[in-house]
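Subject: Structure for your files

Hello,

Here is the structure I promised to pass on.

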Amino acid sequence: MAGPVILVIDDDADVRSGIRDFLEAQGYEVEEADSGRRAEEAFRASAPDAAVLDYRLPDGDALTLLPRLKGIDPVVPVVILTDHGSIDLAVRAIKEGAEQFLTKPVELPSLLVILQRVMEVRRERQRELAGRSRESREEVAPFVGTSAAIRDLEEQAGKVVGAESPILIQGETGTGKGVLARWLHAHGPRSNEAFVDLNCAGLSREFVETELFGHERGAFTGAVSRKLGLLEVAHRGTVFLDEIGDLNLEVQAKLLKVLEEKRFRRLGDIHDRRVNIRLIAATHHDLGRLVREKRFRSDLYFRISTVPLVVPPLRERAADIPLLARGLLARLGHELGRGEVRLAPEAERALQEHPWPGNIRELRNVLEHGILLSQRNVLERRDLRFEGPSGAVPPADEAALTLSELERRHIERVLRQEQGHVQRAARRLGIPRSTLYQKLKQHGIELSRV
C-alpha cells in the first residue's frame, strides 16, 4: 500500500521543494499547489491524508481557504504555516478547523511529528465513523475445526491475506463469509484502518449508490445535507461488499472505475475524488453463470476473482461441528446469562447428523433456541429444534415461537426466579439494567405481573 498523501500548499517553490524532499524520504507521497484555486483542485483530486497550508497565498489567505477545504472533506487535518504568528491568528485558525498553527521557518522533524499525530487522530475518526471496534466482532473464528476442507481454506487464506488485490469469497448462505472477510482485514496490511461493510442483497440501485459513493446536498429529493459514502469512510482501509452478485449493473460499472482508477464521484458532484481501498467481495451466486446471463459484468468479474476463496458448507465438515458448537455455546451462554452450557453426547451426535442447509447461521439459531427452551445447562437431544426431515419435534406450545417470543419467555422466567428484582435479573442475563428495561418495554412485560 502506498504511503500517506500530504498536500503542500505554498506559493514559495523552495518551501514546497524542501518539505516534499523531506517527507518523500520518510515514505510519504506529496502533492503540491501554489494557490488557493489549485489547492481546491488538488484537494479533491488527491484525497490527501493531511495538508500543510501557508497562511498567505496569491489569491487569498488560509482563513478564507480553510472552510472551502473543510467543505470538500471535513476530516482531513490541516496544519497552517505563517511568517507572522500571533495568538489571535492562531485562535481564529483553530476555530476554522486547523489542527495546528506553526510559525516559519518550521523545523521539518517537528512538522513530521505533528503530521503523524494529526493523521492518527483522523484514522481514529474514520474507525469511529465506520463503526469499527478494536474488540473482535467475530462470533467464531473462521478456521475452527480439523477437517481437510477448513484446513485447506486456512492455507489459501494465509497465502493471500497480505495481498492488495481484490478478494472474492464464495460459499453458501450462512457459511461465515463475513467472518472470513473480517479476519482477512484484521490480519492484513490495512488492519489499523477502517473496515466497512455493505450487504447488497435486495438493495435498490439508488440506495447502494448513495451508500457507496455518498452525495452532495440537493443531489436528489431528500438530500438535505452532504453524505460521505463508505468509500470515503474506508479510505486506506477495507470495503467488504457482501452478496456482490446482487449489485446493479450500473453500480458495477462505477465500482470497476474505483478499482481500476482509484477514483469515484459523489452523486450530484462534478469532481472526481481519489480513494485507496482494498475490496473484499462475497457471494453465494455462481458469478460465472451470472456473467453468461448478462446479469454481471465480465470485466468486473475478472477484476475481483483474481484471488477466489471458497468457504465449505457445514455438511462437508461434520467433524468440525462439535468444536463450532462449543464455541457458539460459550458465547450464547454469556449473552443469555446462562453461564456455561454444554451438549449431551446424543445432542452432539444429532448436530453432526443434521444436513445444515443454513450452515453455521442455522447452527447458531438451533443452539440459541435450545438454550432459551431449556432450564438446564446441559442441552439434551429433545432441546434441539431442527428444520427439515431430521428435525426434532419441539413441545407443542413452543413449536411456532419466534426468537423474540422465546426471549420474552426467558426474561420472564429469570425475573420470576429473582422475584422481580431487575438488577439481579439483569446480572443473570448478562446485560446492563438499562438494556433489560428496554427489553421489558419492547416485549410489553409488566413487573407487577411476573
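Which element gives the most to the lining of the largest pocket? The answer is α7, with five residues.

Before the rest, some ground rules. This is a predicted model, in which local features need pLDDT of at least 70 and side-chain atom pairs count only at pLDDT 80 or more, while totals for chains, interfaces and linings use all residues. Residues are numbered from 1 along each chain as its sequence is written, and side-chain values use heavy atoms, with hydrogens and water left out.

The pocket

The largest pocket holds about 590 Å³ of space. A pocket here is an open set of points on a 1 Å grid over the protein atoms alone, with protein on both sides within 12 Å along at least five of seven lines; a cavity is a set where a 1.4 Å probe fits but cannot get out; lining residues have an atom within 4 Å of a point. Points are joined across faces, edges and corners, and a volume is the space filled by probe spheres set on them.

The pocket lining has 31 residues, and G176, K177, G178, V179 and R361 lie nearest the centre. Elements giving two or more residues to this lining include α7 (177-186), α6 (148-160) and α15 (359-373). Helices (H or I, at least four residues) and strands (E, at least two) are DSSP runs numbered from the N terminus. By type, the pocket lining divides into 15 nonpolar, six polar and ten charged residues. Nonpolar covers Ala, Val, Leu, Ile, Met, Phe, Trp, Tyr, Cys and Pro, charged covers Asp, Glu, Lys and Arg, and polar the others, Gly among them.

The cavities

There are three cavities of 30 Å³ or more. The largest cavity has a volume of about 110 Å³ and is lined by 13 residues, with A47, D73, E232, R273 and R274 nearest its centre.

The sheet

Five strands make an open sheet with parallel pairing, in the order β9-β12-β15-β8-β16; two strands pair if DSSP finds at least two bridges between them. β9 and β16 (307-310) stand at the edges with a single partner strand each, so one side of each has no neighbour in the sheet. Between β8 (167-170) and β15 (278-283) there are four bridges, and I169 has A282 as its bridge partner in β15.

Regards
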